[in-house]
Amino acid sequence: MKFLTFKINDKVTYGVKVKREDAAWDLVKVFADFKEGDYPKTLLEALQQNNTVDFQELVRATIEKVEASDKKAEYKYDFTAIQFLPPVTPTNNVIAVGRNYAEHASELNNEVDKLYVFTKAPSSLIGDGNVIPSHSDVTNALDYEGELGVVIGKYGHKIPKAMALDYVYGYTIINDITARDLQKEHSQAFLSKSLIGGCPMGPYIVTKDELPAPEHANIVTKVNNEIRQDGNTKDMVLKIDDLIAEISKYVALHPGDVIATGTPSGVGAGMNPPLYLKRGDEIKVTIDGIGTLMNTVGE
């Protein structure tokens with residue numbers, strides 16, 4: 001299943017992609033009319049309840065009722081009619097991993113560390129199709145980083161590596177927008193990577209049953225349809241289970257938390273001369289089995 005959060009007619013709701021259609025079922029509306037009793041009002045709430053309720057089975061059963069009705073068209077919206085929002089906004093900062101692809105570390109003259117972690121503020125999150133501000137008042141070096149995002153499905157602390165994948169709910173796409181000049185000036189990553197609009201995410205969370213090989217997925221980033229990054233998650237230095245086990249030694253992971261797993265080579269800062277984003281640029285990040293996250297740089 002592909003879950004998303006979106007705005008329609010000034011109302012924020014969440015849903016699931018309609019099979020073989022570029023459309024979404026409005027799950028809040030569906031549950032209100034076809035499910036007896038309480039139901040999750042947001043995707044984060046659904047993830048938080050996932051320990052006690054098999055949410056995917058609930059969605060399947062309820063959608064079957066909708067499809068059998070003669071009013072099913074009232075419960076779905078074409079993608080052209082909605083505004084994509086970040087599929088989930090975690091209660092904590094987005095956890096991000098740097099230098100997790102050897103060639104990317106090399107292109108920025110960094111050594112591959114055993115673990116290099118920073119965070120991005122939730123206020124930096126935007127959805128597919130939304131505008132990334134240029135932030136020209138504070139930076140002249142806005143860069144892109146296409147990444148696989150791991151969405152946590154249940155609480156865990158000090159998770160054994162052998163059990164780590166049991167804590168994954170699904171996967172998404174992240175564009176780790178970075179102000180390279182600020183990153184260098186501050187000698188740390190938080191502010192340079194937490195600018196408003198600095199964490200495009202989406203368009204969906206794809207449940208892990210639909211992406212059985214997340215560590216053998218192509219990642220392609222295009223700027224104005226020019227391929228800049230062409231990598232594969234098999235080249236991650238630390239794999240998904242390594243990251244979950246190591247991070248959870250120190251930080252408790254909660255449902256809805258997101259881990260950005262690092263980026264392949266090909267970022268603007270690694271080019272000679274550097275090629276940073278400018279107003280009007282369109283950035284597309286595509287990951288096999290998930291889809292394409294597209295954003296443009298605005299004023």
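Biologist: How do strand 15 and strand 18 pair?
Modeller: In this predicted model, strand 15, residues 218-223, and strand 18, residues 282-287, run antiparallel to each other and are joined over five bridges. Within that pairing, Lys222 stands opposite Lys284 of strand 18.

Biologist: And what sheet do they belong to, in what order?
Modeller: They belong to an open sheet of five strands in the order 9-19-18-15-16, with mixed pairing. Strand 9 (131-132) and strand 16 (226-232) are the edge strands, each pairing on one side only.

Biologist: Switching to rings, how many aromatic pairs are there?
Modeller: The count comes to 11 aromatic pairs. In one of them, the ring centres of Phe6 and Tyr77 lie 6.3 Å apart with the planes at 65°, over the 60 degrees required, so the pair counts as edge-to-face.

Biologist: Which parts does that pair tie together?
Modeller: Phe6 lies in strand 1 (residues 2-8) and Tyr77 in strand 4 (residues 76-78), so the contact links parts that are 71 residues apart in sequence.

Biologist: Is Phe6 buried or exposed?
Modeller: Phe6 is buried, with a relative accessible area of 0%, and Tyr77 is buried too, at 16%.

Biologist: Which lysines sit over a tyrosine ring?
Modeller: Among them are Lys29, whose charged end sits over the ring of Tyr75 at 5.5 Å from its centre, and Lys154, which lies over the face of Tyr167 at 4.7 Å from the ring centre.

Biologist: What about the largest cavity, what is its volume?
Modeller: The largest cavity has a volume of about 30 Å³, and its lining includes Ile132, His135 and Ser192. The lining residues divide into seven nonpolar, five polar and no charged.

Key: Residues numbered from 1 in each chain as written. Predicted model: local features only at pLDDT ≥ 70, side-chain atom pairs only at ≥ 80, totals over all residues. Heavy atoms only, no water. 1 Å grid on protein atoms, 1.4 Å probe; cavity = no way out; pocket = protein on both sides within 12 Å on 5 of 7 lines; lining within 4 Å. Points joined across faces, edges and corners; volume = space filled by probe spheres on them. Nonpolar A, V, L, I, M, F, W, Y, C, P; charged D, E, K, R; others polar. Pairing = 2+ DSSP bridges. Helix = DSSP H or I, 4+ residues; strand = E, 2+ residues; numbered from the N terminus. Phe/Tyr/Trp six-rings, centres within 6.5 Å; stacked < 30°, edge-to-face > 60°. Buried < 20%, exposed > 50% of the residue type's maximum accessible area, 1.4 Å probe, protein only. Lys NZ or Arg CZ within 6 Å of the ring centre and 35° of its normal.
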